[in-house]
Amino acid sequence: ASQSLGREGSLGSLHWDPGRRIALSSEGGAVANAPGFDAAQFASWRRISFGLGLWPLLRRDVRIDHLAVDGLVLDLQRNADGNANWTFAPTVSPGTTATSAPPAPGEGGLRFALDSLALTDATIRFRDATSGRDLSISAAGLSVSLPPDLAAPQLEFTDIELNARLQDWP
């Protein structure tokens, strides 16, 4: 994870339950902040869990039926130079160049789909040094069914439920 993100990452205690549907979970984990930003962590969580189908995976089709994140703490920042800590620099794997494009589906690449997403007890903070804004969302919850193709020109989201407390300081 650290190599793919270009930052230190920890997945915490990992658990998995194999079968026709593989269930995976991470109890605790974090992703470090980008260099030059003040928080130690960009993101952390109490638990992430998801399930993916085994048979589609054998066809290089990553189909995640449900992604649930509990206790997410996300610290989004923009510094005085206008740089954002949510921008991840691509890393270069041996044998590739920074300009190499990933293979297209059907050409050795993986296809990816996520059916639904759920967040519980999330905290999201956004600090913008250029404007002095400080926005905090706490006790956030989200449940949404996602469209089958997130790259489609028109997207339809269904079964959306959102709740949160919002605080804004100028």
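Two bridges join strand E4 to strand E6 (residues 73-78), and these two strands run antiparallel; strands here are DSSP runs of E with at least two residues, numbered from the N terminus, and two strands count as paired if DSSP finds at least two bridges between them. The model is predicted, so that local features need pLDDT of at least 70 and side-chain atom pairs count only at pLDDT 80 or more, whereas totals for chains, interfaces and linings use all residues. Residues are numbered from 1 along each chain as its sequence is written, and side-chain values use heavy atoms, with hydrogens and water left out.

| E4 and E3 | 11 | Ser 44 with Ala 30 |

The largest pocket holds about 260 Å³ of space. A pocket is an open set of points on a 1 Å grid over the protein atoms alone, where a 1.4 Å probe fits, with protein on both sides within 12 Å along at least five of seven lines, and lining residues have an atom within 4 Å of a point; the volume is the space filled by probe spheres set on the points, which are joined across faces, edges and corners. Strands E2 (13-17), E3 (21-32), E4 (41-53) and E5 (61-70) each supply at least two lining residues. The lining includes His 15, Trp 45 and Phe 50, and by class it has eight nonpolar, three polar and no charged residues.

Terms used: Helix = DSSP H or I, 4+ residues; strand = E, 2+ residues; numbered from the N terminus. Nonpolar A, V, L, I, M, F, W, Y, C, P; charged D, E, K, R; others polar.
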